[in-house]
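Visitor: I have not looked at this one before. Can you walk me through it, starting with the terms?

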Amino acid sequence: MQVTETLKDGLKRGYEITVTAAELDEKVNEKLAEARPEVEMKGFRKGKVPMALLKKQFGQRLLGEAMQESIDAAMSEHFEQTGDRPAAQPQVQMKGEDWKEGDDVLVEMTYEALPEVPEPDLSSISLERLVVKPSEEAVEEALQSLAENAQDFEDRDAGAAAEDGDQVVIDFVGKLDGEPFEGGAAEDFPLTLGSGSFIPGFEEQLAGVTAGEEKTIEVTFPEDYGAEALAGKLAAFDVTVKAVKAPKAAEIDDALAQRYGADDLEALKAQIRERLEAEYAGAARAVAKRTLLDKLDEMVDFELPPSLLEAEAKQIAHQLWHEENPDVEGHDHPEIEPTDEHMKLAERRVRLGLLLAELGNRAEIEVSDAEMTQAVMAQARQYPGQERQFFEFVQQNPQMQQQLRAPIFEDKVVDYILELAEVTEREVGKDELQAAVEAMEEE
């Protein structure tokens, strides 16, 4: 077996692998000898079938296996000897369309090697971590928000007109061409005006109604309405307004706390402080991580595999295009060509990705099974009732496993670097932290 270099241009590599006919024949004979003791054939005792007959019967079938194993072994030996790590799966192509049994096998292998990644002095990095402690004002704001979400409604004065945000209690009967339709009627239905929970145009026509009023509302069902018989149809609803109620925020007391699962108001405040601390800490870590990545990006510079850059730039361009065109849900659209700005961003992402991966490998950082299980469970919660199917999908999909593992690994590497770096803490208000987060997101 022989491996000959045919290309070395930057990170691009090309090799020709030669597997001689004699090597293939020897490997086929080894496979036949290994299988011979278990082979039964008419006219021969088990394990006593002549090799020549075995080769005639099974040799052609084993030749392909021997060829693949020989090529795989040559590639593994090559990467072990050279230390090259391909950036993606090597492209392997057999040369010679007129190959026949008894000929040497020539295979062309091409790939892009991962670059040598320099190791920066992590202890020379200095950065600031913002610290925000929940203020009493923030706790009160959160309490007020909870009270508003837990709002009740109380009857307005007699004759008061319904306003946006009010609740109207109604009876209604929907009709198509004068005939009631299934599912189009209800009694004592509480509808909050402005909630958008009814067909477009329905709630707007109830603005200004008073208790006791009767009104006919005409609306057209959306073309994409779930019930096909109603989609795009004009319907009339006979509505009787039974009550008009104004929103009233719940009292901030122990009863409110118990509605949110706390023992009393003080316990609810403690929960709010804990939640705010976690939110502030998460935002501060995001800012510190961004600062760290900026510093790392400035500290290292090395050649990047063109194929990784191109793939990353295309992904960035595609993602940004969909963000700018949210109405296009599928991928049936013209190909999106990356711009110079996309390429610049791709360079940063690929460089930092390779750097973090190398630093993590050198530090022997791994993602544990428990961490993966936790990540899968968190994702599975987004599919209520289908958690089992999601678990099975992840188990059978290596690409999905990598998508879940990658951010965990990255965060663990970032934590490792932060332990080695010089990190100082500075206490600030939530407004300064918010400004730092917004500045980070605008870049």
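Guide: A salt bridge here is a side-chain nitrogen of Lys or Arg within 4 Å of a carboxyl oxygen of Asp or Glu. By that rule the structure holds 35 salt bridges.

Visitor: Before that, what kind of model is this, and how are residues numbered?

Guide: This is a predicted model, in which local features need pLDDT of at least 70, side-chain atom pairs count only at pLDDT 80 or more, and totals for chains, interfaces and linings use all residues. Residues are numbered from 1 along each chain as its sequence is written, and side-chain values use heavy atoms, with hydrogens and water left out.

Visitor: Fine. Why would such side chains pair up?

Guide: Side chains of opposite charge can pair when their charged atoms come close.

Visitor: Which residue does glutamate 69 pair with?

Guide: Glutamate 69 forms a salt bridge with lysine 31, at 2.8 Å from N to O. The pair links distant parts of the chain, with glutamate 69 in helix α2 (residues 51-82) and lysine 31 in helix α1 (residues 21-35), 38 residues apart. Helices (H or I, at least four residues) and strands (E, at least two) are DSSP runs, numbered from the N terminus.

Visitor: And is lysine 31 buried or exposed?

Guide: Lysine 31 is buried, at 17% relative accessible area. Glutamate 69 is partly exposed, at 34%. Buried means under 20% relative accessible area, exposed means over 50%, and partly exposed is in between (1.4 Å probe, protein chains only).

Visitor: What about glutamate 410, which residue does it bridge to?

Guide: Glutamate 410 forms a salt bridge with lysine 289, and their closest N and O atoms are 2.7 Å apart. Glutamate 410 lies in helix α10 (residues 398-420) and lysine 289 in helix α5 (residues 265-299), so the pair ties together parts that are 121 residues apart in sequence.

Visitor: How accessible are those two?

Guide: Glutamate 410 counts as partly exposed at 31% relative accessibility, and lysine 289 is buried at 17%.

Visitor: Which residues are joined into one network?

Guide: Salt bridges that share partners join Arg285, Lys289, Glu410, Asp411 and Asp415 into one network.

Visitor: Change of topic. Which residues gather in the patch of negative charge on the surface?

Guide: Glu251, Asp253, Asp254, Asp263 and Asp264. Patches are made of residues with over 30% relative accessible area and no salt bridge; like charges are joined within 9 Å, and nonpolar side chains (Val, Leu, Ile, Met, Phe, Trp, Tyr) within 5 Å. Aspartate 254 lies in helix α4 (residues 254-259), and its relative accessible area is 39%, which makes it partly exposed.

Visitor: What counts as a charge there?

Guide: Lys and Arg count as positive, Asp and Glu as negative, and His and the chain ends are not counted. The place of a charge is NZ of Lys, CZ of Arg, CG of Asp or CD of Glu.

Visitor: Now the loops. Where is aspartate 166?

Guide: Aspartate 166 sits in the loop between β6 (152-155) and β7 (167-176). At 1% relative accessibility, aspartate 166 counts as buried. A polar atom of its side chain lies 2.9 Å from the backbone nitrogen of glutamate 163.

Visitor: Which residue has a positive phi of about 50°?

Guide: Aspartate 177, although it is not a glycine. Aspartate 177 lies in the loop between β7 and β8 (179-192) and is exposed, at 80% relative accessible area. Glutamate 364 has a positive phi of about 55° and is not a glycine either. Glutamate 364 is placed in the loop between α7 (340-362) and α8 (369-380), where it counts as exposed at 68%.

Visitor: Last one: where is alanine 229?

Guide: Alanine 229 is in the loop between β9 (214-220) and β10 (234-248), and it is exposed, with a relative accessible area of 58%. Alanine 229 and phenylalanine 181 are 48 residues apart in sequence, and their C-alpha atoms are 9.6 Å apart in space.

Definitions and conventions:
Areas by Shrake-Rupley, 256 points an atom, 1.4 Å probe, with all protein chains shown as cover. Polar contact = N/O pair within 3.5 Å; in protein donor to acceptor, adjacent residues only side chain to side chain.
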